[in-house]
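Please keep the sequence and the model at hand while reading.

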Amino acid sequence: MTERLYYTDPYLSEFEADLLRVQPLPDGRPAAILDRTAFYPTSGGQPFDTGTLGATRVIDVIESEDGTILHVLQAPLPSGRVTGRIDWDRRFEHMQQHTGQHLLSAAFDRLLGAKTMSFHLGSESSTIDLSKEVPAGEIAAAESEANRIVWENHGVGIRFVDAAEAASLPLRKEASREGRLRLIEIGEFDLSACGGTHVARTGAVGIIATSGWERFRGGTRVAFLCGVRALRGCRALRDTVTESVRLVSVLPAELPAGIARLQAEAKDQKRRLKDLQGRLAAFEAGSLAARAEPCGPFSLVVQTMEGWDLNGLKTIASAIAARPGHVAILLGLPPPVSIAVARAAGAPLDAAAVLKQLTDAFGGKGGGRPELAQGGGLEGSPDDLVARAREIVLSS
């Protein structure tokens, strides 16, 4: 069994070990097994460490079902004594997040009776899933309480106990593992069984900042950032606000009101545009219908249209088809071509069938009803599309 050096010294970033063997994983990658290691394997919501063994990169660390720690290598490793080096920035960032999670989970538990059901440390932010729904004000209260413990700079202790002793201790969550347990103790604020890596004092967490929350499986999922991640998050938010303030031309505190004003103006402009498009569509429909060409029992309009979206094409086509005996096939340019097909009530033509024949010939997709169909993504020259549309109507 590999000795886990991170259990007693999470700050150890360089160590010596004997290479016991290298074995291939099912995917063919080589994996080193050592007599001792400071590399943390993915476990308990915390990701693995990276680093080097000798001159070879460690790109993953896996704990197998029998407890063996597999150091997944970028290249084979020669046998013998080897020096391991942990990527410290990644390790310390994980230590900040994991310790911050203990504090935040303890704060939710102490203040609100909200238990942490699971924890995930992601590459950008971390989340805890709480046992019940928690409103924004109470999330802020727990956040403040957790930061109070951070700033009081309590020691973070590690101790080992057997199952009998653990049963007599006020653990925040009942341990799921049997046998000897590793406990993380943060002053009198939190005592939890945990195999992860943590900072030595809470002050090293820096700050705990909740970045969002949502309802999740009958409870609440809370996203948070600690330490260096909180700093990165603050910088990203600053840059976003600075650019937004420049674009909206308001002070930072006025940004929500400025955005609301722009949204109201955009909504009003959209209503006006819709009204004008409706008037223009009626004019276009009248103009096109006046030039409709006889095509068997129909008065046919087949026309390419620049600058109209599919809704506009449907409006114009429907207005043309409101006239007895009229059929409209409107093709929106530039390619890929959008299309609207409409026919007058009672006209012996299936608009959806016409559309299908065109999409079979020119690609794209769409659908609709016998009186009105629409689609998009057609490829081909406008002249070919117009000619084929005429042929389909003539043969109907």
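The points below concern helices and backbone geometry.

1. The model is predicted, so local features need pLDDT of at least 70 and side-chain atom pairs count only at pLDDT 80 or more, while totals for chains, interfaces and linings use all residues. Residues are numbered from 1 along each chain as its sequence is written, and side-chain values use heavy atoms, with hydrogens and water left out.

2. Helix H1 covers residues 88–112; helices (H or I, at least four residues) and strands (E, at least two) are DSSP runs, numbered from the N terminus. Of the 25 residues of H1, 19 are buried (under 20% relative accessible area; exposed is over 50%, partly exposed in between, with a 1.4 Å probe and protein chains only).

3. Arginine 217, which is not a glycine, has a positive phi of about 50°. Arginine 217 lies in the loop between strand E14 (208–216) and strand E15 (219–226), and is exposed at a relative accessible area of 79%.

4. Serine 249 likewise has a positive phi, near 65°. Its place is the loop between helix H4 (227–248) and helix H5 (255–290); serine 249 is exposed, at 62% relative accessible area.

5. Which residues does a cis peptide bond with omega of about 5° join? They are leucine 333 and proline 334. Another cis bond, with omega of about 0°, joins proline 335 and proline 336. Proline 336 lies in the loop between E18 and E19.

Terms used. The expected span of a helix is 1.5 Å times one less than its number of residues.
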